[in-house]
Structure formats: structure tokens, C-alpha cells
Amino acid sequence: MNSRLLGAFGEQEAARYLRSKGYKIMTANFRTYVGEIDLIAETDDNICFIEVKTRTEGAMLPPSSAVDFRKEQNIEGSALVYINRYKVKKQPRYDIIEIIVRENEVVSLNHIEGAF
């Protein structure tokens with residue numbers, strides 16, 4: 001599976017997981033001039049801006065290690081665009097969902113709430 005398909009698969013699995021936990025998915029792949037946010041979801045209290053990182057089993061580093069300071073800044077900037085555009089009143093939260101995959105099957109999923 002190439003990296004684009006792997007990423008899309010991971011985002012679909014992350015959305016499925018979030019729905020099962022009661023989150024309402026507002027949008028996926030929200031693009032701005034600053035960057036992109038993989039998933040935007042709501043809980044009762046929060047608007048969650050979620051970066052999904054998917055890797056195949058056996059990767060050397062945890063998926064979340066790919067979210068560096070620059071990526072965090074891009075997500076936060078894009079989140080501000082979303083908040084202002086849609087007049088969001090809920091408290092923002094920035095999450096990472098790590099997914100490990102083996103042969104088109106999720107081996108593990110780790111939801112890091114308030115990752116940054």
C-alpha cells in the first residue's frame with residue numbers, strides 16, 4: 001500500500017473510531033493557506049483538531065514523532081481559520097491519532113487527547 005492510500009485508510013479508521021466514541025465528525029481534510037487538518041470533530045465540550053498518523057507495523061519510530069513543532073503550528077493556524085470561519089464557541093483541543101497497520105488491518109490505535 002503506498003503512503004497516500006495508507007494515510008487515507010488511517011483517516012477512515014480514525015473517523016470510525018471517533019464516531020464509536022460519540023464524536024461528531026465535522027469535516028475531513030480541511031485545507032487552508034496555512035496547512036491541512038486531517039479530521040475536525042466535536043464532543044460536548046470541545047472542537048477537536050486531529051492529526052492522523054498511520055504507519056505499517058515495524059516502523060522504527062512512533063507515528064506521533066512525525067508531528068513536529070512546525071506541523072503543530074500549521075494545524076493551529078488552520079484551526080484558527082476554521083474557528084473564525086464557522087464562529088466556533090467550543091474549547092479547541094489538538095489531538096493525534098496513531099494507527100499501526102498490518103496487511104490492511106489495524107493492529108493498534110492510540111488516541112492522544114490534548115497532544116499539543
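The largest pocket is lined by 14 residues, and Gly7, Glu11, Asp38, Val52 and Lys53 lie nearest its centre. A pocket here is an open set of points, on a 1 Å grid over the protein atoms alone, where a 1.4 Å probe fits, with protein on both sides within 12 Å along at least five of seven lines; lining residues have an atom within 4 Å of a point. The model is predicted: local features need pLDDT of at least 70, side-chain atom pairs count only at pLDDT 80 or more, and totals for chains, interfaces and linings use all residues. Residues are numbered from 1 along each chain as its sequence is written, and side-chain values use heavy atoms, with hydrogens and water left out.

The space in the largest pocket is about 330 Å³. This volume is the space filled by probe spheres set on the grid points, which are joined across faces, edges and corners. H1 supplies six residues, the largest share of the lining. H1, E2 and E3 each give at least two.

The chain holds two helices and five strands. These are DSSP runs numbered from the N terminus (helices H or I, at least four residues; strands E, at least two). Their order along the sequence is α-β-β-β-α-β-β. The radius of gyration is 14 Å, close to the 13 Å that the globule rule gives for 116 residues, so the chain is as compact as a globular protein of that length. The radius is taken over C-alpha atoms, and the rule is 2.2 Å times the number of residues to the power 0.38.

The five strands form an open sheet with mixed pairing, in the order E1-E2-E3-E4-E5. Strands E1 (24-31) and E5 (105-112) are the edges, each pairing on one side only. Two strands pair if DSSP finds at least two bridges between them. E1 and E2 run antiparallel and share six bridges. Lys24 is the bridge partner of Glu42 in E2. Four residues separate E1 and E2 in a hairpin. E2 (residues 36-42) is also antiparallel to E3 (residues 46-56), through four bridges. There, Ile40 has Phe49 of E3 as its bridge partner.

Helix H1 (residues 3-20) lies across E1, E2, E3, E4 (91-102) and E5, at about 135° to E3. Contact means heavy atoms within 4.5 Å. Angles run from 0 to 180 degrees between N-to-C directions of axes fitted to C-alpha atoms, for helices over the stretch in contact.
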